[in-house]
Every structure is written in structure tokens, then in C-alpha cells.
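Colleague: Can you walk me through this one? I have a few quick questions.

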Amino acid sequence: MRNSLGLLLAIGLAGLQFVAVLAVVFSSYVTSERALLDHARSLLSDVGTNTIAHSTGFLRPARAAAELSARLAQTDVIASDRPELLEKLLFQQLQLAPQFAGLFYGSEGGDFVYVMRSDGPGPFRSKFIRVQDGVRSTELIWRNDAFEVVERRMDPEDTYDPRVRPWYQRARDQRTTIWTDPYIFFTSQQPGITLASPVMSGVDGIRGIVGVDIEISDISDFLAQLEIGSHGKALIIHDNGDVIAHPNKDLLKTTDEDGTLRFANIRTFDDPIAQAAFSQLTQDGKVPVARETLSQFEYNGETYVSVVMPVMSEKLPWTIAAYAPENDFTSEIKLNRRMNIWIAALVAATTGLAGLALAQFIYKPVRAFAVRSALISQGELDPEEPLPKTYQELENANAMLMEQIAARRETELEYGQTFALSSRGMAQVAPESGQFIRVNDRFCEITGYSPSELLGMTFTDICYREEAPFLLLDGQHGAETSEINHEMRCRRKDGETIWTAVNAIMIHNQEGKALHVVLTLDDITLTKRKEEKISQLNKDLSNLSRDNTMGQMAAGLAHELNQPLTAIAQNADTALLMIKGVPEADPELRQVLDEIEEQSLRAGEIIRALRAFIRKDEGTRTDFDFVELLDQTKRLVIAEAHEVGAEIATELGHLPQANANRVQVAQVLVNLLRNAIEAVAENPGKDRLVTVHARQRGPQILVCVTDNGPGVDPDLTLFTQFETTKPGGMGLGLSICRAIVQENGGQLWHEPAETGGARFCFTLDASADA
Amino acid sequence: MSDTDAVVFIVDDDKDIRTSLTRALRTRGFTVQTFDSAQAFLDAYDGEQPGCVVLDFGMPMMSGLDLQEHLNAKRCPLAIIFITGHGGVPESVLAMKAGAVDFLEKPFRQAVLVDLVETALDLSREKYEARERSRGIKLRFDRLTAREEEIVARMISNPAEVSSKEIGNYLGISPRTVDHHRARILEKLEVSSVVELIDLASKLKEATPGDSPNR
């Protein structure tokens, strides 16, 4: 089944449109999704980077301050014996950076100066520990922003010794600036870290340690200010798993069983999303991230993206981690995308419908053309009807089609007329059922049925079943025998059996499918009967030849013998008479002559008896049509005539019926014709013509066979048996012919023809009824 | 035993037959002429010579029967004996009907033939004489005038009323004139009475063409 143009157009215009829109939507869906995720990740990455930068920037002044203080102390600017000066220096440093919680200096001797922000009587508080001669004193001084003393008092209870503190010991041991792990400051109860830098004395000696306390809750404030989507959060995890910065500072601190404050670990952190995202980072005790890692995870059925930044530095082994729900970035776009899909669907539907409408519009003239063609082919519409408005191509096609239809109609008309007017019986037969589809008048005439009777019938109904064409007409065989020529008997409607020549041709279309069988029927009954008659005559003749040649020979012999016998008898009797008057004649001579006469007469008697006997076997004489017999006889020798290029012409007058033994006359004719043909065969390059004349002469029919051959040798005695010019002949032909003709009451003789050839004539009795 | 004026004509296409028959008949004193075909005989025969024809029945071209027909038509003073090599009953019947003396099948005894020839010659002579006689009578009748012929015809057709008066009434003339004619008629016809006249007329009628030439 071929696709229809309408379907193709609909698919092409609507379907392809739809597919194209879908493809665009799908592509944008995929790419936007990926872009969104990339965007989210880069956003998170930026957050990490920003946080790192911020944190580094936040801590940098501390380092600078600590190192400056250490350098000053080193160059004796700050002498431990002049703590007031050191206090002022530290005070100035503290004022510079708001993130500084305090600055301090501890000496090897146990002296300690500490300037810090305070909630007490003044905004700043200085603490002095002095050790002189093993006696230590601790003084607390509160100052305002202008470094003026607000309050001063001693603290005898104080037991603080800087030299046992971890920051002091690590800095002294490592002889370099160190950062402590973050911890919760005792005084402010705020998270922070301490930076400690050794003050060297000489090459290897340690004079003391300068330190800076930095509160890092500011980092949490900074994180809280960061906008990571609507619900994203960033946090800083120390490499031991402590969460040291989080937008919600309250979550950072946790109280131990002994009442000390410490950082909450990420594994127990009270931000469940962060815990889910990052807890596994610290499973080995260290955050192993060496580079920026982006990942995606699910929590509570929602998708999150996360980023983990590499640690900031060896001294600050902090990892910035950030997470955000994916929806924060994609929701808008997803919404947009849903809208896009709706729009796309709408567009696809609209364009599809438009495509269908367009297809319909384009297809309409084509369908109209197709319908028109179908109507024309069914003969319900005149091809001359004007074509409705349509395409140029279809108009061209229509023009060609109309030409074809016209040509085909003409052919069909011609064929139909040929079919109808044919002098031969013609029929079309359905290949499967074998039923007649169409018959012409002649077919009806031959079979004796009317057309309407025949149309319901099959060929088997009018013919004898065993005949070959039925194999073809029943369609029970392959296409190898698509034509059959056959002579067969048929039954006419009136019951008469006729001989027909049937030609059946199977007509196939280009695909090899059988369309119908064209049957041509000729009534050959007359020809057949004629042939049968001739063949019967031939048979009779050969029978006659075989059975009667001896008889004929005997008859001819009898006739020919009678002549000399007569002469002998007469001569003997005459001789007797002659010696009657001769007295001295031997009486025995008389007896001899007597016996000769008697014996010749006896021979005559024997011949008569023989002839009487032969005559019994002769056929009877009947009336017959000589012209018909001549025609049949001619056909028996026509092959011999053609062989030597001889022509047999007949010149016939009006003839009555002949009365004779038909077969015998045929034999005479065959003999004479053969002789004539053999005679003209000797003609070198002349026309070889044998003419048969026949006309009525009185109560007889005169028949002459004339040839233009060399004629009969005058020395030859014709009609004498055993005398012949033919190398293989017995010389019986003509004598037998003459005997036959005579026995049928006629004569047979030879006369020279005007042409120089021979002419043999014989007569036959005409019928008494004629 | 035979007259020299009568001739035996032998017509046969077989030379041996002609020779032997000629010899046999000549030895017996007959005058014999031979012909090898019917046509040759017809060409030579003058139609007046009485004689016997020994005729072969089956000859080519013109058969014995054909010749017989010709001769009968000419009222020739001939008698025919057919001889045949294969005599058949139908043929012989035809020949005999046409007035043949006999139909002999070959071979035959000479004595039989000689008897037949003599019979035939007698017949021929009779025919000849009858023809000559009728010719003489005809000559006599030819002498009559138209009126005399009229009177004779009346006498012949109505032999019961031959008186002069009756004829005169019939012809519308006087009995005396009839008497006068009657004397002239008897004189011209060389008869002495009306009875003789009627007899003579019947003889002439017998020999007039159109009548059967039966024996």
C-alpha cells in the first residue's frame, strides 16, 4: 500500500512541526538544566572563594599586628620593664582592628601585659602581671577610648601564668608565628583563635611571646550576610570536624559535661542539612579536601547542591563548605521551563493544526483530481468535463491522462469491433471460474447458444471434458502454457457435435497476474469432414491397390489375352478351311488345327470364368459428384506435384452426377495425374502444368488429363500390359485404368495434346437421374 | 453363297484381330475391308454400300456404340455384329436395342461368326433393297401435282371413302375432275387400283425417315 499524498502532507506539515518543537523544547530543557546546575555550582564556588577571601582578609590584620608587636618587642621598643609603653602600643593596635578581642605579651620571666575590650567600667581593660623577685602582682586598669583611666584595682586572686598556656609553648617551641585551633574565649565566651609570635633574643633565645586574640564570630556574621540562593548556607569546618563558623552563631557552641564551652562537631551539628552534606568529610579525622568539590545530594526529598573548598592554608586548616537547595536556582527556570513547554505544546498544536489545514488545502485539488479520475475510469464522468482549478502539474497529468483515455477508448472500440465483427468465434473467459465474460455473435452462432445463456456458462459446458484447453481455462496450472491451440469436438445447444479449432491465450498484466483468457473458436466441421472423406478415399485407394491390383491385373490380363486368343482361334479355323480342299493334307494337321481352335476357345472360357469371379469383388456403381471426387483426388497427389513444382489446373463445365464405382474412378484419376506429374517433371525449365478438363458429352462425362510434358513416344504401344517407359513400373497402370473405365461403362484413350504433351481421356456414365 | 456387292467391314483397334478375321472371311469368299478405328470407318464409308460391320465394342475415342448410333442416324444399309473382349450384359443390351445383329464375346467360333455375318449381310441387303424400293416409290409419288397429292392423301387417310363423289365433296370439286385426277394418279404411280395405291403408300411410309428402322 502506497502512502497517500494527504497522509504524507499531514505528517510532513503537522508531524514534523510537532517533532521540531519537541526537539527544541527537549534540547533547551537539557541545556538549561545543565546551565542551571553549572550556575549553582559556580555560585557556591564563588561563595567558597569569597568566604576564603573574607576570612583571610579578616585574619590578616591580626597577623600584621602580632608580627608588628613582636618586631617592636624584639627591637626593645617594648621592654618588659616598661609595661605601660607596651600597654599603649597594644591599645593602639586593638583600636585599629575591631575583630581583635585583645593583644598581649608574655615574657619568659612571667610578666604579662594584656589589653582587651571590656564590658566593665570602661570599654577597654588592661591587665598587668608583674613578677619581681618571685613576687607577682596583678593590676587591672579600665580605660576609655582616649586611653584615660576609668578605674584601677588590684587582683590578688589571679594565678594566671602565660608561660603554661598552649599558645605560648607552641610559639616558643616552633620559634615562629602560630595559630591556635579555634576555641571559645573564656572571657567573652565568643569563638575565636589566637595568633602567637615569638619575640626573639639573639639568635636562638626567646624573650617572650606576643599574641592577638581574634573573635571569629564575625566570620559567622559575614556568612549570615551572604546570599546563597534563598535557603543556601555556607559554613567553615575545622579539620578536626568542629564547625567554627555558621550563619547561626548559636549553633556553634556546645557545653561539655564539665561545663566548659566548645565547638559543635559537624557530625553532631544542629543543622541537619549541613550534617547530611558534610559529616562524612571528617570521617578520617581530617577534612581531606584538596580541591574544590562540587556535589549533589538529596535531603528530605529535596535536591541540594554543595561545594567544599580546599583548606585555606596549612596554618588555617579550615574548609569552607556551602550548600543550597537546587530549587533556589532552578525553580524560576523550572517554572519558566514548564511555561515554555506549555507554550511549545500550544505552538506545536497550533502549527500542527495549521499544518493539517495547509495539508488539507494542498491535498484538496489532488483528492478532487483523484476522485475525478476514479469517476472517469468507472465511466460515471465524461473525460471532456472541464478540470476543476488545480495545479499545473496535475493539469499536465490530466492532459496526458485524457490522451491516454482517448487512445485507450479508441483501442477498446477497435478491439470491441474486431471482437464483435470477427468472422471467428471469440470469447473472453474469466481465469478462475472459467466462465464466459464476453462472447461475440459468431461464437453464439457456432455454439447455438444466445449471449445471455453463454455468460453463465463455462467452456466445459459446451465441450468434451477430456480436451486439453480446460487445463488452461480452469487456471489449474502455471503460466508456462499461456497459449493453447487445439482441435476438439464441441456440443452445440441442439446436441449436434461439431469440430472446432480452439485457440486460447491467457492474458496477463505486468505483474504476471492472469486477467482473462481470450478464446478464438472456428467451426472446422466441414473441413474436418472433407479431410475425413479424403483420408477415407486414400484408405480405400490403398486398399484397392493392395487387394485388387492382382484382381485388376487379372481383369486387364483377361481382356488383353482375349485378343490374341481370338486371333488364334480364327487363324486355326481358317487354316482348317484352307486344308479342306487339299486331299493330300495330313489328317493329323486337321486335328492339330482343330485342337488349336478348341484350346484357344477353352482359354477364352477360362478367362471368362476368371473375369466372372473377379467381377464379384467389384464395388457397386453409385451416383456421385465427380467435381468433389476430382477435388479430393487432387489433394492426394498435390504433394507430389509440389515436389516437382507442377501445377494442377482444372477447367470444369457444368457436370451431372456421375454413375460409376467411385473408388475405381479415383484410382484412374490418381494414376493419370501421377503419370502427368511425372511427365511434366521432365520439363527443363518450362512451366510444369497439368490440366484436368471435364464436361458433359451426351449421357456421359468426358474427362481429359492433359500435360505439357514431352508427350508419348509414337513407338510405344499404350494400354498394353507389361509395356512401360518407367524404370520401376510394371506397365500395368494404363491397362488397368482402361480396364476399370471399361468395366464402368466408359472408354479410356490417349491423344496428343496441342502443347506437345500427352492427353488421356476417359468417359464415365452420367447418372440416369440427371 | 455370298454376293459380291455386299462387304464385310471389320472395325477393331487390334491388328491381330483384324488380320485373322480378314483372312478367315476372305477365305470363305467374303469381301472384307478393315479399319483400325470407328472414325476411320466413318471417314471412308459412303453411306450407300450395303454390308456387315464386325465392330469391336470397346475402342478408344469413338466406341462401337457411338458408331452404331451414327450409322443408324444416317439410315445406312448396314448390319452390325459386335465383338467384345469383355462383354457385359448391360452393354450387350444397349447394342441389341440399337439394332445389332448379335453381341459376340471374344474368343468365338468362326462358324458362329460366319453364320452371323451371313445373316447380317442378308439383313443388310434387305435394308438396301427396301431403301431402293422406297426410293422408287418416292420417285413415283414425286411425279404427282399438288392437287393429285391432295387426293392421294385423302385416299390414304380415309381409305373407306375413296369414291370420286366422296373425294369431290371433301375437296369441293366435281366428281368428274376427281375421276380425271384418279386416272392420272394411277398412271403416275404405276398401280392399277386404289387398293394397290394404298399398299404402295404404306410401303413408302415404312421407309420414310423418322420411323423405326426395325427388322
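Modeller: Chain B has nine helices and five strands. Keep in mind that this is a predicted model.

Colleague: In what order do the elements of chain B run from the N terminus on?

Modeller: The order is β-α-β-α-β-α-β-α-β-α-α-α-α-α.

Colleague: And how much of chain B is buried?

Modeller: Of its 215 residues, 35% are buried.

Colleague: What share of the contacts in chain B with a separation of 6 or more comes from residues 24 or more positions apart?

Modeller: Those pairs account for 64%.

Colleague: What about confidence? What is the mean pLDDT of chain B?

Modeller: The mean is 82, and 91% of the residues in chain B reach 70 or more. Watch residues 209-215 of chain B, though. There pLDDT stays under 50, and the model has six contacts beyond four places in sequence for that stretch. Where pLDDT is low, the predicted coordinates should not be read in detail.

Colleague: Which ipTM and pTM does the predictor give the complex?

Modeller: ipTM is 0.71 and pTM is 0.38.

Colleague: New topic. What does UniProt place at B:Asp56?

Modeller: An unreviewed UniProt entry lists "modified residue: 4-aspartylphosphate" there. B:Asp56 lies in strand S3 of chain B, residues 51-56.

Colleague: Is B:Asp56 buried or exposed?

Modeller: Buried. B:Asp56 has 24 C-beta neighbours inside 10 Å, and the cut-off for buried is 20 or more.

Colleague: Which residues does B:Asp56 touch, not counting those up to four places away in sequence?

Modeller: B:Val11, B:Asp12, B:Asp13, B:Gly64 and B:Ile83.

Colleague: On to the interface. How many residues of each chain are in contact?

Modeller: 23 residues of chain A contact 21 residues of chain B. On the chain A side, the elements giving two or more residues are helix H12 (525-580), helix H13 (587-616) and strand S27 (748-752). H12(A) has the largest share, with 14 residues.

Colleague: How do the residues on that side of chain A divide by type?

Modeller: Nine are nonpolar, 11 polar and three charged.

Colleague: What is A:Leu44 in contact with, leaving aside neighbours within four places in sequence?

Modeller: Among its contacts are A:Ile228, A:Leu294, A:Val305, A:Ala322 and A:Ala324.

Colleague: And A:Ala40, which helix is that in?

Modeller: A:Ala40 is in H1 of chain A. With 26 C-beta neighbours inside 10 Å, A:Ala40 counts as buried. Beyond four places in sequence, A:Ala40 touches A:Val305, A:Ala324, A:Glu326 and A:Phe329.

Colleague: How far apart are A:Ala40 and A:Pro325?

Modeller: They are 285 residues apart in sequence and 9.3 Å apart in space, C-alpha to C-alpha.

Colleague: Last one. How far does helix H7 of chain A reach?

Modeller: H7(A), residues 392-421, has 30 residues and reaches 42 Å from first C-alpha to last. That is close to the 44 Å expected at 1.5 Å a residue.

Colleague: Why does H7(A) lie largely in the open?

Modeller: Because the number buried is one, out of the 30 residues of H7(A).

Key: Residues are numbered from 1 along each chain as its sequence is written. Chains are lettered from A and ligands numbered from 1 in the order in which they are written. This is a predicted model: local features need pLDDT of at least 70, side-chain atom pairs count only at pLDDT 80 or more; totals for chains, interfaces and linings use all residues. Two residues are in contact if their C-beta atoms, placed from the backbone, lie within 7 Å. Helices (H or I, at least four residues) and strands (E, at least two) are DSSP runs, numbered from the N terminus. Ala, Val, Leu, Ile, Met, Phe, Trp, Tyr, Cys and Pro count as nonpolar, Asp, Glu, Lys and Arg as charged, and the others, Gly among them, as polar. The expected span of a helix is 1.5 Å times one less than its number of residues. A residue is buried if 20 or more other C-beta atoms lie within 10 Å of its own, exposed if 12 or fewer, and partly exposed in between; C-beta atoms are placed from the backbone. UniProt positions are given in the numbering used here, feature names are shortened, and annotations may be inferred rather than shown by experiment. pLDDT is the predictor's confidence in each residue, from 0 to 100.
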